[in-house]
Amino acid sequence: MIGCAPPPPQPITLPNAVASKDSVIVEPVVPQEIISVISDTVEIMNFDKDTLTIGEAVKSVIIETVAPVAKEIIEPTIVIKIIPQLNTSNDGSQITFILPAEISAEHLQFIDESLNDISEKAIQHILNDSIQDDSLSHLINHIIVKDYESNIPSYEFVSADISGDSLIIQYELNKPFIHQIIKPYLDAYGYPEQKSIVPLFTKDHQPPTFETVADLSLILPCEGISVPTQALLLPNAPRSYRHGIHRGIDFYVNWGSPVRAAAGGTVVRADHHYKELPAEFRKKLLAEAKRLGHTPSDVFEHALVGQAIYIDHGFDLVPGYRAYSIYAHLSHINPEIMPGTVVNAGDLIGLSGNSGTEPSTLGTRKGAHLHWELILQDAGGEYYLGQGFNSKDLYSQLLKIFSE
Ligand SMILES: [Zn+2]
């Protein structure tokens, strides 16, 4: 009834019904449609006196003859149903729950679930203030929530008051506690200096959006394996061991699996005579990266990619950008693949391996995978494919690019 204008009173005609002070004579069964009309009109009580009298008479008859159903219709008990709701302040620091005064287990569950849900948003809020890179802050949030299994007791109970039929419960964000949780993650992944690997960017560079590369179509560089679903194997994932950010995609295939060109181009680098780094030297380079707070370009290019092939795609692949692709951690490069060799999309160029990784420096074949990335350059700087993509859509967007 709330929000609707009451229907106009309707004249009631009762078959063979006569009202008197002492007795009432009626048909034993009152038609359902009349009960309904009466119940509405009696409830509204918006009659002139005559009609009201008839209405009251009929009401008493109905109570006797068709109770209890009719009784329920004619004399509805007024119950104000309080629908549990919550209000959150703009910054997510204050939460107010409005619940029925008689609280049930279901309501407690509603509080629990809502607090968990909002915790994630509160963390994101604080991360957004700390990290400029949106996709990075989302990723760190994802890692934190995963580490804590969505169970961070970040809100503290403040008060509970009854107001009329409602119970009002207030919670407040425990900001120092949240900061304490977030800090180690920020220390590991979040410093702005850690974002770039190659320090060739200009300050105000804008990575190409997914729309810019929406028409890009590439061949998967490994056979029988698609884009991995795990965020940690995709671009923008933190790489704490070298204090950097992952620029590419890791395809986990067996050591020695065929690797092919993702697009046509000209080979610019092919490390035919690659020698693995001494383990201690690799560690020393990573220690230097740690001290810098980011991966220096020479350490990345000459040590961490291992035996690699770089293919220049010129300006053909993405309009307005020069593009080149990197195939890293190889165990073998086909002899005809030399700087200057023109390759077609899908050409076999080498075999996967684990060169440049720690297990390789220790003489094992563990952790073999193809690290693949596509670098895009314009006048403003250089970017990796996936940089600046919305983290929620990253996987599906890469999948679209690789749908052959
Ligand atoms: Zn990788």
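## A friendly note on this predicted model

1. Let's start with one residue. Asn 87 is exposed, with 11 other C-beta atoms within 10 Å. Asn 87 belongs to strand β3. In sequence, Asn 87 and Gln 170 are 83 residues apart, yet their C-alpha atoms are 9.6 Å apart in space.

2. A word on how to read the model. Residues are numbered from 1 along each chain as its sequence is written. This is a predicted model, in which local features need pLDDT of at least 70 and side-chain atom pairs count only at pLDDT 80 or more, while totals for chains, interfaces and linings use all residues.

3. Now the overall picture. The chain has ten helices and 18 strands. Both are DSSP runs numbered from the N terminus: helices are H or I with at least four residues, and strands are E with at least two. Of the 404 residues in the chain, 32% are buried. Among contacts with a separation of 6 or more, 71% are between residues 24 or more positions apart. A contact means that the C-beta atoms of two residues, placed from the backbone, lie within 7 Å.

4. What lies in the largest nonpolar core? It has 66 residues, and those with the most contacts inside it are Ala 308, Ile 309, Tyr 327 and Ile 349. This core draws at least three residues from each of domain 2 (85-190) and domain 3 (195-401); the domain bounds come from an automatic or database domain assignment. A nonpolar core is a set of buried Ala, Val, Leu, Ile, Met, Phe, Trp, Tyr and Cys residues joined through C-beta atoms within 7 Å. In soluble globular proteins, nonpolar side chains tend to be buried together. Take Ala 308 as a place to look: leaving aside neighbours within four places in sequence, its contacts are Arg 269, Asp 271, Ile 326, Tyr 327, Ala 328 and Leu 330.

5. Four strands form an open sheet in the order β3-β4-β6-β5, and their pairing is antiparallel. Strands β3 (85-88) and β5 (155-163) are at the edges with a single partner strand each, so one side of each has no neighbour in the sheet. On average, neighbouring strands of this sheet are turned by 20° against each other, direction ignored; the strand axes are lines fitted to C-alpha atoms (for helices, over the stretch in contact), and angles in general run from 0 to 180 degrees between N-to-C directions. Two strands pair if DSSP finds at least two bridges between them. Antiparallel strands β4 (residues 94-100) and β6 (residues 166-173) are joined by seven bridges, and Phe 97 stands opposite Ile 169 in β6.

6. Strand β11 (residues 265-270) pairs with strand β15 (residues 342-343) in the antiparallel sense over two bridges, with Thr 266 opposite Val 342 in β15. β11 also pairs with strand β12 (residues 309-312), again antiparallel, over four bridges; there, Arg 269 stands opposite Tyr 310 in β12. An open sheet of three strands has the order β10-β16-β14, with antiparallel pairing. Its edge strands are β10 (258-260) and β14, each pairing on one side only. Three bridges link β10 to strand β16 (residues 348-351), and Val 259 stands opposite Gly 350 in β16.

7. Which residues of helix α8 (residues 297-304) are buried? They include Val 299, Phe 300 and Leu 304. These residues cover an arc of only 100° around the axis, which puts them on the same side of α8; the arc is that of the directions from the helix axis to the C-beta atoms. The buried residues of α8 pack against α7 (279-292). Just after α8, Gly 306 has a positive phi of about 65°.

8. Finally, two backbone details. Most residues other than glycine have a negative phi, and most peptide bonds are trans. Asn 236 is not a glycine, yet has a positive phi of about 85°. Asn 236 sits in the loop between α6 (175-190) and β7 (238-239) and is buried, with 23 other C-beta atoms within 10 Å. His 329, also a residue other than glycine, has a positive phi near 65°. His 329 lies in the loop between β13 (322-328) and β14 (332-333) and is buried, with 25 other C-beta atoms within 10 Å.

Methods:
A residue is buried if 20 or more other C-beta atoms lie within 10 Å of its own, exposed if 12 or fewer, and partly exposed in between; C-beta atoms are placed from the backbone.
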